[in-house]
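Subject: Structure handover

Dear colleague,

I am passing on the structure we discussed, with the sequence alongside. My notes follow below it.

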Amino acid sequence: MIGSWVGNLIYEGKAKRVYRVNDELLIMEFKDEVTAFDGARRENAPGKGRLAAAQTVFFMRLLSKYGIRNHLVDWDGDRKVLVRSLKMIPIEVIVRNYAYGSFLKRMPLIKPMTKFSRPLVEFHLKSDELHDPLITSDDIIEAGLVNNDQLSEMVDTALKVNTILSNFMMSKGLTLVDFKLEFGIDKLGNVVLADELSGDTMRVLINNKHLDKELFRKGASALELVKAYEEMNRLLGIP
Ligand code: 5GP
């Protein structure tokens, strides 16, 4: 299988390159780089690509065990992950357990790190130009990005993912503050969890210390970030 992992570069983002293998399959290649503030800060981060790929594969496999349909097919054990090709939905679904980040900017009436009475789910339009603005479910339906059933499934799945990941992290002494998911639609119209699940896409604390990209956003070096990802993997038993 690994021998046939060749494809044409079809997309290059800040953290990953995507290659098309055939109609059904893509390769996500995690870069040894870290960026923040829409790419304004960028550093080489040797080892980060493999660590983030390992996290993504580990979490996707964990979610599969609980019946969460996702795009993972295989992993080369390094920076490349083989995934199913989907029609990606240009929405970021964010689940929040504690008040942090952009939530605090728009809702100053709630104190930082307040635990919500129940997880909050919100949608952002994927647009670098507009800085991923918050959008409503009505906006999504009106724009025809997905239908009502698909939107409900995205929310249900996001909440299930939150329960599974929060409980798993809690069992290892970690706190899942918030995270971002992306979904795609397969040929049958099913909503499928896609993209990555790593320290780049979630906030995870141990004894109030970040094990995620927030460290870099707050000024830590790329090397310190790689160390934190190594610690996350060690604590969670990620190979
Ligand atoms: P916030 O909206 O507070 O900045 O982010 C909420 C959560 O979603 C955080 O865990 C953050 O890492 C993740 N997140 C939000 N937007 C993005 C994005 O554009 N890219 C990535 N990788 N993660 C994001």
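In this predicted model, a polar side-chain atom of E92 sits 3.0 Å from an oxygen atom of the ligand. The protein buries 79% of the 500 Å² that the ligand exposes when taken alone. Two further side chains make polar approaches to ligand oxygen. For R203, an N or O atom of the side chain is 3.0 Å from an oxygen atom of the ligand. For D132, the separation between a polar side-chain atom and a ligand oxygen atom is 3.2 Å.

The shell around the ligand consists of 15 residues. E92 and R203 are among the closest, together with R96, S102 and D178. Sorted by class, the shell holds 8 charged, 4 nonpolar and 3 polar residues. As for where the shell comes from, three strands each contribute at least two residues to it: β9 (91–98), β12 (175–185) and β14 (202–206).

The other part I looked at is a sheet.

This is an open sheet of 5 strands, paired antiparallel, in the order β1-β2-β3-β7-β6. Its edges are β1 (8–12) and β6 (72–75), each of which pairs on one side only. From one strand to the next, the twist averages 30 degrees. Helix α1, residues 48–65, packs on the sheet and touches β3, β6 and β7. The direction of α1 makes about 135 degrees with that of β6.

- β3 (residues 25–30) and β7 (residues 80–84) are antiparallel and joined over 5 bridges.
- Within that pair, L25 stands opposite R84 of β7, and M28 stands opposite V81 of β7.
- β6 and β7 are also antiparallel, with 3 bridges between them.
- W75 has V81 in β7 as its bridge partner.

β6 and β7 form a hairpin with 4 residues between them. In that turn, G77 has a positive phi of about 80 degrees.

If you open the file, I would start with the ligand and the side chains of E92, D132 and R203, each of which places a polar atom by a ligand oxygen, and then go to the β6 and β7 hairpin.

Regards

Methods
Residues numbered from 1 in each chain as written. Predicted model: local features only at pLDDT ≥ 70, side-chain atom pairs only at ≥ 80, totals over all residues. Heavy atoms only, no water. Near = heavy atom within 4 Å. Polar contact = N/O pair within 3.5 Å; in protein donor to acceptor, adjacent residues only side chain to side chain. Areas by Shrake-Rupley, 256 points an atom, 1.4 Å probe, with all protein chains shown as cover. Nonpolar A, V, L, I, M, F, W, Y, C, P; charged D, E, K, R; others polar. Pairing = 2+ DSSP bridges. Axes fitted to C-alpha atoms, helices over the stretch in contact; angles between N-to-C directions. Contact = heavy atoms within 4.5 Å.
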